[in-house]
Every structure is written in structure tokens, then in C-alpha cells.
Amino acid sequence: EKRIVSKSNGQEQKAVFLLEIPDVKRWSPDSPHLYTLNAAFGNDQVTEHFGVRTLHWNEREGMTINGKRVILRGACVHHDNGLLGACTFPEAEERKVRILKENGYNAIRSSHYPCSRAFLDACDRQGMLMMDEYVDVWYIHKTKYDYATELKDWWKQDLKDMVEKDFNHPSVIMYSTGNEVAETAQKKGIAFTRCMTEYLHSLDGTRPVTCGINIFFNFLSSIGLGVYSDDKAEKTAENAAKDASKKKKPVGSEFYNTLACLAGDYFMKMGATLPPCDWKTKDAYAAMDVAGYNYGIFRYKHDLRKYPKRLILGSETFCKDAYDFWEIAK
């Protein structure tokens, strides 16, 4: 599909070209076959690489690629290019994907921001599945100067840009609208969850939408003990401005990370099993295609009985539980 502005009346018009690929070779993690399309219009030329594959998801089979069930063995990739800094270098992304692939991973979650084209190109070439994530904040600040200030004005354009970047990449199998956003425990946040899911469906109906929710933190937020709030973000900024030699009381995520280190991972996983944790996540999970569970391994079997149509993704997990997750997923 190509949109063209007419010189005669200045109106934008659309031209659609249908091309048939004979004896198509499908893209898959085991056989990542790619095609190259060269397009020219006047003096403009574009080269685009793409793959052809089918993607389906339902409560009976989970996720299938080209009709074959695939269990995701994934990793959350944070900002980890070390000394290379914030820039994206194709060679670095290629190396990162190769190392994960060689160690048995078949999927990556961009945490917690849309990944670069270079990263997607590396995933396409090497057969690595990708869950591309939007943001780490919605309308509640996690830090004083984070994107929560801008999100309300930019989320639609941002998601549109992300879909346009991702659409031709066969490695991208899922979109994520956020990570550990306690707004999903609020009526306003649940409505926003559904709004973003439906908007992504309107832009691209070929991929499911998820959101990573910290189940236990949603419950804490609902009783006024949330990890994040605008007040805590302000207080953290004030503490940072004080003399570093003075003892400061940890607030926000620093406080809960400290608590998690002292209490251990079992504390968070057991906390997620409390009934109120279900109450404060079920409506948000109903507003997405795939339910993103952050540290909720002890909920899986119970929730699949209670919500038989729910698809569960371990969106963020403790590494020590990798084998247990694999056994449950099978």
C-alpha cells in the first residue's frame, strides 16, 4: 500500500500493488528465510527485507508459527551494551542475538522501550522471536523527569511509529504496551490498557498485544503502598539533590528493591498468590491478548483453571526458576 499526494488537487491518494511469491519459503526460528523487495518511484528507491510466516494464538494451542506450536524461551534484554553506551551498533546487536541463540533462547523482550531496527534486523536474520515493548511508564511518574509527562500527548504517534518500524519484521510476534505500570490496578488505567490494545489492533491486527504486570505490586498499589507515585518520584529527586554523604531513606523502586533483596524472591512470588492480587489484575488482563506475568510463577496452574481462555506469558521472571518455567509451559 502506497499513499501518494496528487499534484493536481493536493489530495492524498492510495495505490495498492499485489505481488505473488511463487513457492514461498516461510520464515521460522529454525529456518529464517528472508526476501528482498526493491521499490522505485521516480528518483526514490527503497530496499526492504521481509519474511513470510503465519502467526496464530489461542487458548488451545498457545502460539503457533506456520501452524507449529512454539513455546517461548525468552530473555528480557535491558540496556546492556556496556561501554558502547546508548548508541546502537549493528555488530553489537548481531553479537547479542547470536549469544542468546547459541545458549538456547528463541525469544527476546525489549525492556522497556522500542528496540532499534538494527536489533530487529539481527533477530530476522538469526531466527530470534521478538516482543517489542513500548514504555516503562504511563501517567504515574517513576522518576521525576521520566516520559510520564509526555505520554498523554504522544502515545498514539509513538505506537504508530513502532508498528510502522516493526511491521515487515517477521521476528516481531508481539507488542507490549508497558512494564510494571501500577495504573493497571485503577479503572482509568484499565481503560487505557484496553484503549492501547485496540489501537494497536487497528494498526496491526496480525500480532497479539500484552503488558508486563507485577501482580504483587498491583495489589500493594491498590492499598496505598505502591512502588511508584508522583510524590515518591518528587521525593527521590529531592534526596538525590542532597549531600551524598547524608543518609537518605530509600523511596519508590529503591525501597522495594531493597525489600526484595532482604526478603528474597520467594516473598514476591508468594505475595502474588494472594486473592487480592487476582482481583487487581483480572480486568487489565482481560483488556489484552496475552497476560504478562511479572514474578507470578505460583499463579499459573490456578489461574489457568479459573481463566481457561487466558494466555499467560512470563514477561519477567527470576533466572533461577528457568527450568520450572519450562516444565510448566510444556
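**Figure 1. Salt bridge between E94 and R125 in the predicted model.** At 24% relative accessibility, E94 counts as partly exposed. R125 is also partly exposed, with a relative accessible area of 44%. Their side chains meet in a salt bridge, at 2.5 Å from N to O. E94 sits in helix 1 (residues 90-102) and R125 in helix 2 (residues 117-126), so the contact ties together parts that are 31 residues apart in sequence. The structure holds 21 salt bridges.

**Figure 2. Salt bridge between E234 and K144.** The two side chains meet at 3.2 Å, N to O. E234 belongs to helix 6 (residues 230-241), K144 to the loop between strand 10 and helix 3, so this pair ties together parts that are 90 residues apart in sequence. E234 is partly exposed, with a relative accessible area of 31%. K144, at 32%, counts as partly exposed.

**Figure 3. Salt bridge between R310 and D303.** The closest N and O atoms of this pair are 3.7 Å apart. R310 has a relative accessible area of 11% and is buried. D303 is buried too, at 1% relative accessibility. Elsewhere, salt bridges that share partners join D265, K269, K320 and D321 into one network.

**Figure 4. Strand 11 and its pairing with strand 10 and strand 12.** Strand 11 is mostly covered, with 8 of its 8 residues buried. Strand 10 pairs with strand 11 in the parallel sense over 4 bridges. Here E133 stands opposite S176 of strand 11. From strand 10 the chain crosses through helix 3 (residues 148-166) to strand 11, in a right-handed β-α-β crossover. Strand 12 (residues 209-214) also pairs with strand 11 in the parallel sense, over 3 bridges. N179 stands opposite G212 in strand 12. The chain path from strand 11 to strand 12 runs through helix 4 (residues 187-203), and this β-α-β crossover is right-handed.

**Figure 5. The second largest pocket.** Its volume is about 1400 Å³. The lining comprises 48 residues, and the closest to the pocket centre are L72, R73, L313, G314 and A329. Elements giving two or more residues to this lining include strand 10 (129-133), strand 11 (172-179), helix 11 (300-306), strand 14 (312-316) and helix 12 (322-329). Strand 6 (62-65), strand 8 (74-77) and strand 9 (107-110) are also among them. By class, the lining has 31 nonpolar, 8 polar and 9 charged residues.

How values were computed:
Residues are numbered from 1 along each chain as its sequence is written. This is a predicted model: local features need pLDDT of at least 70, side-chain atom pairs count only at pLDDT 80 or more; totals for chains, interfaces and linings use all residues. Side-chain values use heavy atoms; hydrogens and water are left out. On a 1 Å grid over the protein atoms alone, a cavity is a set of points where a 1.4 Å probe fits but cannot get out, and a pocket is an open set with protein on both sides within 12 Å along at least five of seven lines; lining residues have an atom within 4 Å of a point. Grid points are joined across faces, edges and corners, and a volume is the space filled by probe spheres set on the points. Ala, Val, Leu, Ile, Met, Phe, Trp, Tyr, Cys and Pro count as nonpolar, Asp, Glu, Lys and Arg as charged, and the others, Gly among them, as polar. Buried means under 20% relative accessible area, exposed over 50%, partly exposed in between (1.4 Å probe, protein chains only). Two strands pair if DSSP finds at least two bridges between them. A crossover is right-handed if, with the strands pointing away from the viewer, the path from the first strand over the helix to the second runs clockwise. A salt bridge is a side-chain nitrogen of Lys or Arg within 4 Å of a carboxyl oxygen of Asp or Glu.
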